[in-house]
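Here is a short briefing to read alongside the model. Have the chain open in your viewer, and let's walk through it together.

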Amino acid sequence: SEACSPPERRISAATRSRRAAALGSRRSSCTTSSGLTPYSVAASANPDGEVALESDRLPPLASAPPAEFDGPGDRWSPETLLAAAVADCFILTFRSIARASKLSWISLRCEVVGTLDRIDRVTQFTSFHVRASLRVPAGGNAEQARRLMERAEGIILRDRLPEGRAIDARTMRRVSEAAVDT
């Protein structure tokens, strides 16, 4: 189908292999022959008010500019959605890696602060500060847990965030704090 057509951006075989190893062998029914899985979202709005975000099989989501850009500040914005996507991706990636590594864990909380800056007169995200706190059971392998959290962070910030227009990978700085509690 048209929604499953491959995007223009190509990734290397090594990157595809790393992603497959991190996520296991599960594949979407819409995975393209190149191994890419497209995701479609539609947005609509009137001259004023919220933007309605929609995607197949998902409830609609309303967004608005943040207060810093003259929005109401009480709704999800593109900026908070992107930071939320980084946090969500971190947790889902960690969950997959932990499952594959047979690491027992109790809970994980991830906080992300994305920083906007103006570079060459263009406002863009320049860094994501990822702070994650993981609880493992008493007697759990805290060192393995720490390594897997670092691996999850590397996967999302190196392999999953877009390069080019939305985020300039050359200016992206990764700053993380990981705490493991037993």
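Let's begin with a residue pair: Thr-115 has Ser-127 of β5 as its bridge partner. This is a predicted model, in which local features need pLDDT of at least 70, side-chain atom pairs count only at pLDDT 80 or more, and totals for chains, interfaces and linings use all residues. Residues are numbered from 1 along each chain as its sequence is written, and side-chain values use heavy atoms, leaving out hydrogens and water.

**Overall layout**
- The protein has 3 helices and 6 strands, which are DSSP runs numbered from the N terminus (helices H or I, at least four residues; strands E, at least two).
- From the N terminus on, the order of elements is α-β-β-β-α-β-β-α-β.
- Of the 182 residues, 30% are buried (under 20% relative accessible area, with exposed meaning over 50% and partly exposed in between; 1.4 Å probe, protein chains only).
- Among contacts (heavy atoms within 4.5 Å) between residues at least 6 apart in sequence, 56% join residues at least 24 apart.

**The β4–β5 hairpin**
- β4 and β5 (residues 122–135) pair in the antiparallel sense over 13 bridges; pairing requires at least two bridges found by DSSP.
- The hairpin has 2 residues between its strands, and Asp-120 there takes a positive phi near 50°.
- Arg-121, in the loop between β4 and β5, also has a positive phi, near 65°.
- Arg-121 is exposed, with a relative accessible area of 75%.

**Another positive phi**
- Most residues other than glycine have a negative phi.
- Lys-102 has a positive phi near 60° and sits in the loop between α2 and β4.
- Lys-102 is exposed at 72% relative accessible area.

**The second largest pocket**
- This pocket holds about 160 Å³ of space. A pocket is an open set of points on a 1 Å grid over the protein atoms alone, where a 1.4 Å probe fits, with protein on both sides within 12 Å along at least five of seven lines; lining residues have an atom within 4 Å of a point.
- α2 (78–101) and β4 (107–119) each supply at least two residues of the lining.
- Lining residues include Pro-66, Phe-69, Arg-75, Glu-79, Leu-116 and Phe-125.
- By type, the lining divides into 4 nonpolar, 4 polar and 3 charged residues, where Ala, Val, Leu, Ile, Met, Phe, Trp, Tyr, Cys and Pro count as nonpolar, Asp, Glu, Lys and Arg as charged, and the others, Gly among them, as polar.

How values were computed
Grid points are joined across faces, edges and corners, and a volume is the space filled by probe spheres set on the points.
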